[in-house]
Amino acid sequence: MTLPADRRPEGVHLEGPYLSEEQRGAHPARLLRKPSDGSWRDFLDDTDLLRMITVAPELPGSGELITVFRAAGVVVSAGHSTAGVEVLDRAAAAGLSHVAHLWSAQSTLQRMPRRYPGLLEAALSSDTLTAEIIADGAHLTSELVRIAFRCLGPDRLCLISDASAGTGLPVGAEFSMGGPVGVVGDGVALNHDGASFCGSTSFLADVLRFTVRSAGVPLPAAVRMATATPAAVLGLAGVTGRLAPGLRADLLVLGRDLALRRVMRRGAWIPGR
């Protein structure tokens, strides 16, 4: 089915299947692949829709994948990964520029007894990489949101919802995410054994509200992290994400409680609440 232009998504984020088994989260192990098998070349036919791909940069063959997708205009993100500083530096030199959902499915500091920073610390200390957080109160507490904000600032940190197919469904409802099957919990989605999150059940307006009211991030900065910064990361700064002449009129109206009131898409109000 061909969607009309006003309903076509801005793009697709391909999160996998080139992920670390150790940090796979809710992704089924049987579906994971290594970039060295070359299967990622099949996705090169869809780079007009593919905006971002998340990979574990320590996997064999990831360097070529990063270089080729970056040259095709696709943002390459590190995630579901055991990478440390050296691996991330090599990936960044090849064209990787973003880090997926901080504190979720990524390596952290190891003591052996010497300290070895993981992907998390490497991202927070970087001077160039952008990153994202799922600030829904379940994936991250308010303290972790403040740490990420202080390290990266509003021009390099994106707010994302990570909303699953269970978003808006009642607690206990099951849903499919392609391979994994999730269950709606209290404010978050879980896989069947409850051992991993299976995405979020928050809308982006909910994430914005938590970032401001619970984490204490100033409203202008939080709005930027939910709009202009993600647009810039995805190469859409000249299309949307800001209110400026020549850009598309996409906007939300929020109340003083930061609850959603109205939505405008491409200059037309969407009917309903």
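A salt bridge is a side-chain nitrogen of Lys or Arg within 4 Å of a carboxyl oxygen of Asp or Glu. The model is predicted, and it holds seven salt bridges. Three of these pairs, among them aspartate 250 with arginine 248, are described below.

**Arginine 248 and aspartate 250**
- The side chains of arginine 248 and aspartate 250 form a salt bridge with an N to O distance of 3.0 Å.
- Arginine 248 has a relative accessible area of 16% and is therefore buried, because buried means under 20%.
- Aspartate 250, at 22% relative accessibility, counts as partly exposed.
- Through salt bridges that share partners, Glu10, Arg248 and Asp250 are joined into one network.

**Arginine 224 and aspartate 155**
- A salt bridge of 2.5 Å, N to O, connects the side chains of aspartate 155 and arginine 224.
- Arginine 224 is partly exposed, with 38% relative accessibility.

**Aspartate 206 and arginine 209**
- In the salt bridge between aspartate 206 and arginine 209, the closest N and O atoms are 2.5 Å apart.
- Both residues lie in helix H5 (residues 204-213), three residues apart, which is about one turn of the helix.
- Aspartate 206 is partly exposed at a relative accessible area of 28%, and arginine 209 is partly exposed at 22% relative accessibility.

Conventions
Residues are numbered from 1 along each chain as its sequence is written. This is a predicted model: local features need pLDDT of at least 70, side-chain atom pairs count only at pLDDT 80 or more; totals for chains, interfaces and linings use all residues. Side-chain values use heavy atoms; hydrogens and water are left out. Buried means under 20% relative accessible area, exposed over 50%, partly exposed in between (1.4 Å probe, protein chains only). Helices (H or I, at least four residues) and strands (E, at least two) are DSSP runs, numbered from the N terminus.
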